[in-house]
Amino acid sequence: DRGRTLPERVHRRCRHVVTKNERVELAADALRKHDCSRFGELMYDSHRSLREDYEVTCEELDLMVDLAREVNGVYGARMTGGGFGGCTINLVAVDAVERLQRSVADGYRERTGIQPMLYVTAAHDGAGEVVLAG
């Protein structure tokens with residue numbers, strides 16, 4: 001039936017999937033251009049969509065993203081993994097890493113009473129073809 005519309009929750013979840021696909025294309029373009037600011041904006045947009053449209057974040061994840069957003073030198077943050085708790089991933093300028101760690105750890109502990117675990121990693125080329133000899 002062409003006049004029939006999706007239930008609101010289903011509509012929001014479909015919107016998340018469609019806009020996620022668009023964000024992935026835009027993010028790939030931003031990475032090709034080494035545009036960390038644009039890539040970071042897309043990370044925040046992704047988190048917002050996961051929170052509002054797909055409904056898989058929680059207060060703790062939202063808090064970590066909000067705390068990261070306040071730190072100068074953080075380009076973007078979003079939840080990662082399956083949702084409903086867990087982890088965020090942040091794109092951070094090298095000279096802002098310690099500031100981010102301090103701000104998120106202190107702010108999160110102050111608001112939740114829990115000491116978060118923070119890990120620092122560096123981006124690498126990622127997966128590639130492996131050719132076995134012989």
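User: What share of the contacts with a separation of 6 or more comes from residues 24 or more positions apart?

Analyst: In this predicted model, residues 24 or more positions apart account for 51% of those contacts.

User: What secondary structure does the protein have, and in what pattern along the sequence?

Analyst: There are 4 helices and 2 strands. Read along the sequence, the pattern is α-α-α-β-β-α.

User: How many residues are there, and what percentage of them is buried?

Analyst: The protein has 134 residues, and 30% of them are buried. The C-alpha trace spans about 55 × 55 × 30 Å along its principal axes.

User: Strands next. How do S1 and S2 run, parallel or antiparallel?

Analyst: Antiparallel, with 6 bridges joining S1 (residues 74-80) to S2 (residues 87-92). Val74 stands opposite Val92, and Thr80 stands opposite Cys87.

User: What do the two strands form, and how many residues lie between them?

Analyst: S1 and S2 form a hairpin with 6 residues between them. Gly81, in the turn, has a positive phi of about 95°.

User: Which residue other than glycine has a positive phi?

Analyst: His34 is one of them, with phi near 55°. His34 sits in the loop between H1 and H2. Glu55 is another residue other than glycine with a positive phi, near 55°, and its place is the loop between H2 and H3.

User: Is His34 buried or exposed?

Analyst: His34 counts as exposed, because its relative accessibility is 70% and the cut-off for exposed is over 50%. Glu55 is partly exposed, with a relative accessible area of 27%.

User: Over to H4. What should its residues span, at 1.5 Å a residue?

Analyst: The 16 residues of H4 should span 22 Å. The end C-alpha atoms of H4 are 22 Å apart, so the two values agree. After H4 comes Gly113, with a positive phi near 80°.

User: Which residues of H4 are buried, and what do they pack against?

Analyst: Leu100, Val104, Ala105, Gly107 and Tyr108 are the buried ones. They pack against H3, S1 and S2.

User: Take Leu100, then. Why does it count as buried?

Analyst: Leu100 counts as buried because its relative accessibility is 11%, and buried means under 20%.

User: What does Leu100 touch?

Analyst: Leaving out residues up to four places away in sequence, Leu100 touches Ala68, Val71, Val74, Asn90, Val92 and Ala105. Val74 and Val92 in that list are also the pair that stand opposite each other in the strands.

User: How many residues along the chain lie from Leu100 to Ala68, and what separates their C-alpha atoms?

Analyst: Leu100 and Ala68 are 32 residues apart along the chain, and their C-alpha atoms are separated by 6.4 Å. Ala68 is one of the buried residues of H3.

User: Which other H3 residues are buried?

Analyst: Besides Ala68, the buried residues of H3 are Leu61, Asp62, Leu63, Met64, Val65 and Leu67. What covers the buried residues of H3 includes H2, S1, S2 and H4.

User: And the segment after H4? Is Leu132 buried or exposed?

Analyst: Leu132 is in the segment after H4 and counts as exposed, at 74% relative accessibility. From Leu132 to Tyr108 is 24 residues in sequence and 47 Å in space, C-alpha to C-alpha. Tyr108 is among the buried residues of H4.

User: How many residues line the largest pocket, and which lie nearest its centre?

Analyst: The lining has 45 residues, and Met43, Ile89, Asn90, Leu91 and Thr121 lie nearest the centre. Asn90 is also among the residues that Leu100 touches.

User: How does the lining divide into nonpolar, polar and charged?

Analyst: The lining of the largest pocket has 30 nonpolar, 10 polar and 5 charged residues.

Key
Residues are numbered from 1 along each chain as its sequence is written. This is a predicted model: local features need pLDDT of at least 70, side-chain atom pairs count only at pLDDT 80 or more; totals for chains, interfaces and linings use all residues. Side-chain values use heavy atoms; hydrogens and water are left out. Two strands pair if DSSP finds at least two bridges between them. On a 1 Å grid over the protein atoms alone, a cavity is a set of points where a 1.4 Å probe fits but cannot get out, and a pocket is an open set with protein on both sides within 12 Å along at least five of seven lines; lining residues have an atom within 4 Å of a point. Ala, Val, Leu, Ile, Met, Phe, Trp, Tyr, Cys and Pro count as nonpolar, Asp, Glu, Lys and Arg as charged, and the others, Gly among them, as polar. Buried means under 20% relative accessible area, exposed over 50%, partly exposed in between (1.4 Å probe, protein chains only). The expected span of a helix is 1.5 Å times one less than its number of residues. Contact means heavy atoms within 4.5 Å.
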